[in-house]
Amino acid sequence: MNKRFNLLLTYPLSTACILIIWILCFCTPPHTPLDNVPLMDKWTHIAMYCGTCTVMWVETLRSRRSFPGIRRMLLYVWLCPVLMSGLIEILQANCTGGRRSGDWLDFFANSIGATLGFLLGLVLLKWGKEWLKGNRENE
């Protein structure tokens, strides 16, 4: 139990982003003037997953003294959100009584967002290493 609580304290924004995604994916979407924008729904999915993966990178880099391995980050920051996205689409198709439909284009958009977030995290990782190296040289 303490390990889970510690995980929530270490990654509060990531946890909040994931919870928000789960809540939004099972609410009935409201109608807005943006409904007329082509592929607006897909852009929203890309932004949600890109933002979530970027937040996961930032919190991971902030909370560690050493930089995590790329394979570990690929698993947790890219693969887990993509799998979560697939699970959400399956649940939407089968458990919402027709209010939401599981759309594999949403899954594709989520995967694009997670990939963009992962790539942005790699840039942050490179920048973070250079920043850390520069700070050590100034000491």
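A nonpolar core is a set of buried Ala, Val, Leu, Ile, Met, Phe, Trp, Tyr and Cys residues joined through side-chain atoms within 4.5 Å. Buried here means under 20% relative accessible area, exposed means over 50%, and partly exposed lies in between, with a 1.4 Å probe and protein chains only. In the structure before you, the largest nonpolar core has ten residues: Cys 53, Met 56, Trp 57, Leu 61, Met 73, Val 77, Val 82, Ala 114, Phe 118 and Leu 125.

First, the basis of the model. This is a predicted model, in which local features need pLDDT of at least 70 and side-chain atom pairs count only at pLDDT 80 or more, while totals for chains, interfaces and linings use all residues. Residues are numbered from 1 along each chain as its sequence is written, and side-chain values use heavy atoms, with hydrogens and water left out. The quantity pLDDT is the predictor's confidence in each residue, from 0 to 100. The protein chain averages a pLDDT of 86, and 90% of the residues score at least 70.

Next, the overall architecture. Helices (H or I, at least four residues) and strands (E, at least two) are DSSP runs, numbered from the N terminus. On that basis the protein chain has five helices and zero strands, in the pattern α-α-α-α-α along the sequence. Of the 139 residues in the chain, 30% are buried. Contact means heavy atoms within 4.5 Å. Among contacts with a separation of 6 or more, 79% join residues 24 or more positions apart.

How do H3 and H4 pack, and at what angle? Two packed helices are described by the angle between their axes and the distance between the axes. The axes are lines fitted to C-alpha atoms, for helices over the stretch in contact, and angles run from 0 to 180 degrees between N-to-C directions. Helix H3 (residues 40-63) and helix H4 (residues 70-95) pack at about 150°, with their axes 11 Å apart. From H3 the contact draws on His 45, Tyr 49, Cys 53, Met 56, Trp 57 and Thr 60, and from H4 on residues including Met 73, Val 77, Pro 81 and Glu 89. By class, the residues of this contact are eleven nonpolar, three polar and one charged. In this classification Ala, Val, Leu, Ile, Met, Phe, Trp, Tyr, Cys and Pro count as nonpolar, Asp, Glu, Lys and Arg as charged, and the others, Gly among them, as polar.

Let us now return to the core. The ten-residue core includes Cys 53, Trp 57 and Phe 118. H3, H4 and helix H5 (104-138) each supply at least two of its residues, and H3 gives the most, with four. A second, separate core of six residues includes Ile 21, Cys 25, Met 48 and Tyr 49. Leaving aside neighbours within four places in sequence, Phe 118 is in contact with Cys 53, Trp 57, Ile 70, Met 73, Leu 74, Val 77 and Trp 78.

Three further buried positions deserve attention. Asp 106 lies in helix H5 and counts as buried because its relative accessible area is 5%. Apart from residues up to four places away in sequence, Asp 106 touches Asp 41, Lys 42, His 45 and Glu 89. Gly 113, also placed in helix H5, is buried at a relative accessible area of 0%. The C-alpha atoms of Gly 113 and Pro 81 are separated by 9.7 Å, at 32 residues apart along the chain. Ser 14, in helix H2, is buried with a relative accessible area of 5%. Beyond residues up to four places away in sequence, Ser 14 touches Val 55, Met 56 and Glu 59.

Finally, is Leu 39 buried or exposed? Leu 39 counts as exposed, because its relative accessibility is 58%. This residue is found in the loop between H2 and H3, and its phi is near 60°, a positive value in a residue other than glycine.
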